[in-house]
Amino acid sequence: RSMMAASAAMGSFTLLILGALGTLVTAFFLYGIAMPLTNGALTVAVADRVLGGNAGWREVWMLLFHRLGPLLTAVIPAAALVAFGFVMLFVPGLVLGLLFAFVAPVVLIEGLRGRAALQRSAQLVSSDWLRVALMSIVGAALRAAAVIIAGSFIPSSALFVSSLERTR
């Protein structure tokens with residue numbers, strides 16, 4: 001009987017670890033890779049408009065993909081460091097995420113790569129960290145509001161409602 005209880009406990013622990021790893025991998029790709037790439041596309045679009053261009057979304061993404069190599073040399077290490085920070089105690093992940101908020105614009109506008117881009121992003125954030133933190137909090141609040149509003153309009157029979165519900 002005690003062997004069955006130990007087996008059940010190990011199974012529960014294994015599921016807990018696998019769930020945490022699944023969440024970590026999903027967050028790594030979603031918030032560590034996809035979000036910075038989207039931020040990079042937005043940076044390219046804004047830079048194009050400021051310089052008098054009129055590129056559409058396809059041209060913006062093509063311009064981004066031409067600089068994908070240098071962008072990934074900074075985005076992947078930043079995502080790994082932030083994920084490691086979240087695993088350690090959560091607060092280090094928040095701090096690193098804040099420090100690396102400008103990695104994509106630094107790579108795309110200033111042309112820096114890898115460690116230099118990470119250092120430059122941290123330098124930019126540290127010069128006015130409170131404003132960056134407040135903008136991040138406002139962005140998180142807007143996201144939460146969007147989830148709540150979307151959840152009230154989307155029928156429960158929709159295929160993706162369960163993923164919307166988990167983010168609340």
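This is a predicted model: local features need pLDDT of at least 70, side-chain atom pairs count only at pLDDT 80 or more; totals for chains, interfaces and linings use all residues.
The chain contains eight helices and zero strands. Read along the sequence, its elements follow the pattern α-α-α-α-α-α-α-α. Of its 168 residues, 25% count as buried. The chain exposes about 11,500 Å², and carbon and sulfur atoms supply 73% of that area. Contacts were also sorted by separation in sequence. Among those between residues at least 6 apart, 52% join residues at least 24 apart.

Helix 6 comprises residues 114–127. Its 14 residues should span 20 Å at 1.5 Å a residue. The end C-alpha atoms are 21 Å apart, so the span agrees with expectation. Six positions of this helix are named as buried: Gly 114, Ala 117, Leu 118, Ser 121, Ala 122 and Val 125. These residues cover an arc of only 135° around the axis, and therefore lie on the same side of helix 6. The face turned away from that buried side carries the exposed residues Arg 115, Gln 119 and Ser 127. Cover for the buried residues comes from several elements. Among them are helix 3 (68–88) and helix 4 (91–99). Helix 5 (103–110) and helix 7 (129–153) also contribute.

Side chains of opposite charge can pair when their charged atoms come close. The structure holds three salt bridges. One of them joins Arg 120 to Glu 110, with the closest N and O atoms 2.9 Å apart. This pair links distant parts of the chain, since Arg 120 belongs to helix 6 and Glu 110 to helix 5, ten residues apart. Arg 120 has a relative accessibility of 25% and so counts as partly exposed. Glu 110, at 38%, is likewise classed as partly exposed.

A salt bridge also forms between the side chains of Arg 49 and Asp 48, at 3.1 Å from N to O. Asp 48 lies in helix 1. Its relative accessibility is 18%. Buried means under 20%, so Asp 48 counts as buried. Beyond its neighbours within four places in sequence, Asp 48 is in contact with Gly 53, Asn 54 and Ala 55.

The side chains of Arg 131 and Asp 128 meet in another salt bridge, with an N to O distance of 3.1 Å. Here Arg 131 is exposed, because its relative accessible area is 59%. Asp 128 reaches 30% relative accessibility and therefore counts as partly exposed.

The surface also bears a nonpolar patch. Its members are Phe 13, Leu 15, Leu 16, Ile 17, Leu 18 and Leu 21. Together these residues have about 610 Å² of accessible area. Leu 16 lies in helix 1, which runs over residues 2–50. With a relative accessibility of 56%, Leu 16 counts as exposed. Helix 1 thus holds both the exposed Leu 16 and the buried Asp 48.

Conventions: Residues are numbered from 1 along each chain as its sequence is written. Side-chain values use heavy atoms; hydrogens and water are left out. Patches are made of residues with over 30% relative accessible area and no salt bridge: like charges are joined within 9 Å, nonpolar side chains (Val, Leu, Ile, Met, Phe, Trp, Tyr) within 5 Å. Accessible areas come from the Shrake-Rupley method with a 1.4 Å probe; for residues, only the protein chains shown count as cover. A salt bridge is a side-chain nitrogen of Lys or Arg within 4 Å of a carboxyl oxygen of Asp or Glu. Helices (H or I, at least four residues) and strands (E, at least two) are DSSP runs, numbered from the N terminus. Buried means under 20% relative accessible area, exposed over 50%, partly exposed in between (1.4 Å probe, protein chains only). The expected span of a helix is 1.5 Å times one less than its number of residues. The arc is that of the directions from the helix axis to the C-beta atoms. Contact means heavy atoms within 4.5 Å.
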